[in-house]
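Hi everyone, thanks for coming. Have a quick look at the picture with me, and then I'll talk you through some parts of it.

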Amino acid sequence: MIQVKNLTFAHLRPIFTDVSFTVGDDQIVGIAGPNGAGKSTLLKLLIGEERPTKGRIFFEKQDISRLKYSEYPKLRRQIGMIFQDFKLLPKRTVFENIAFAMEIVGMSNKEIKNTVPKVIDLVGLSGKEKNYPDQLSGGEQQRVAIARAVVRQPKILIADEPTGNLDPKHSWDIVKLLEKINKHGTTVIMTTHNQEILKKLQRRVIRLDHGRIVSDKVG
């Protein structure tokens with residue numbers, strides 16, 4: 001599904017040097033490394049917010065590193081993105097925050113009314129549809145962010161430190177939710193500095209350090 005070939009990226013200083021890896025369909029992959037290792041930058045490269053200095057990035061055989069800027073919105077409709085700080089709309093309810101992701105791509109009211117409740121149930125927020133973000137816990141806000149990211153049924157879900165602002169219990173709940181989404185056929189790539197999460201998850205982890213992959217293995 002994703003193939004990174006000889007990726008080199010520099011912004012004021014070198015961040016990646018000749019990095020290569022492949023992520024197949026239906027995988028969960030963790031991206032780990034110390035602060036400054038380039039984890040978040042790598043995700044930006046995968047969704048086209050940054051372009052490689054050298055090398056190629058392929059998404060389903062399409063070279064996304066060579067797309068025109070006008071072509072990136074179409075690409076991003078196939079990719080769900082979860083942010084550490086949630087990025088919820090404070091004056092919209094849970095239902096409205098999730099529906100917004102469908103509205104901006106022109107989906108019909110019928111599709112929205114049919115799909116949003118199913119996704120709310122999937123992330124365990126039934127009964128919270130009319131709540132506003134400030135009426136939710138941090139873990140619940142992250143679940144809304146995940147629901148918004150998957151409501152259009154993306155092929156890949158990218159999560160930047162999805163447990164970074166949560167306590168251990170809620171962190172593990174979010175990781176289990178990502179596993180549940182993965183079982184529905186969505187590839188998940190997530191950055192994290194939480195070593196305990198990675199050990200418990202027992203999935204593939206790509207570790208970065210000083211702009212290079214230092215390990216790529218399970219656990």
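This is a predicted model: local features need pLDDT of at least 70, side-chain atom pairs count only at pLDDT 80 or more; totals for chains, interfaces and linings use all residues.

Leaving out residues up to four places away in sequence, glutamate 179 touches Ile28, Leu201 and Arg203. There's also a distance you can check on your screen: from glutamate 179 to isoleucine 206 it's 27 residues in sequence and 17 Å in space, C-alpha to C-alpha.

Okay, staying with that helix, let's talk packing. Two packed helices are described by the angle between their axes and by the distance between those axes. Helix α6, residues 168–183, packs with helix α5, residues 138–150, at an angle of about 20 degrees, and their axes are 10 Å apart. Angles under 35 degrees count as roughly parallel, so α5 is roughly parallel to α6. The crossing of α5 with α6 is right-handed.

Which residues meet there? From α5 we have Gly139, Gln142, Arg143, Ile146 and Val150, and from α6 come His170, Asp173, Ile174, Leu177, Leu178 and Ile181. Sort the residues of this contact and you get six nonpolar, three polar and two charged.

Now for the other neighbour of α5 that I picked, helix α3. What is the angle between α3 and α5? It's about 30 degrees, with the axes 7 Å apart. That angle makes α3 roughly parallel to α5, and here too the crossing is right-handed. On the α3 side, the residues are Val94, Asn97, Ile98 and Ala101; they meet Val144, Ala147 and Arg148 in α5. This contact divides into five nonpolar residues, one polar and one charged.

The largest one has 36 residues, and the members that touch the most other members are Ile82, Ile98, Val116, Ile146 and Leu157. Among the elements that give two or more residues to this core are α3, α4, α5 and α6, along with the strands β7 and β8. Apart from that core lies another, of 30 residues, including Val29, Ile57, Tyr72 and Ile79.

What does isoleucine 98 touch, not counting residues up to four places away in sequence? The list is Val116, Ile120, Val144, Ala147, Arg148 and Val151.

For contrast, find lysine 113, in helix α4. Lysine 113 has 61% relative accessibility, so it counts as exposed. Lysine 113 is 18 residues from phenylalanine 95 in sequence, and 9.4 Å from it in space, C-alpha to C-alpha.

Last stop: two loop residues with a positive phi. Aspartate 26, in the loop between β2 and β3, has a phi of about 65 degrees, although it is not a glycine. With a relative accessible area of 45%, aspartate 26 is partly exposed. Then there's histidine 210, in the loop between β9 and β10. Its phi is positive as well, about 50 degrees, and histidine 210 is not a glycine either. Is histidine 210 buried or exposed? At 74% relative accessibility, histidine 210 counts as exposed.

Conventions: Residues are numbered from 1 along each chain as its sequence is written. Side-chain values use heavy atoms; hydrogens and water are left out. Axes are lines fitted to C-alpha atoms, for helices over the stretch in contact, and angles run from 0 to 180 degrees between N-to-C directions. Helices (H or I, at least four residues) and strands (E, at least two) are DSSP runs, numbered from the N terminus. Angles under 35 degrees count as roughly parallel, over 145 as roughly antiparallel, 65 to 115 as roughly perpendicular and the rest as oblique. A crossing is left-handed if the near helix is turned anticlockwise from the far one by less than a right angle, and right-handed if clockwise. Contact means heavy atoms within 4.5 Å. Ala, Val, Leu, Ile, Met, Phe, Trp, Tyr, Cys and Pro count as nonpolar, Asp, Glu, Lys and Arg as charged, and the others, Gly among them, as polar. A nonpolar core is a set of buried Ala, Val, Leu, Ile, Met, Phe, Trp, Tyr and Cys residues joined through side-chain atoms within 4.5 Å. Buried means under 20% relative accessible area, exposed over 50%, partly exposed in between (1.4 Å probe, protein chains only).
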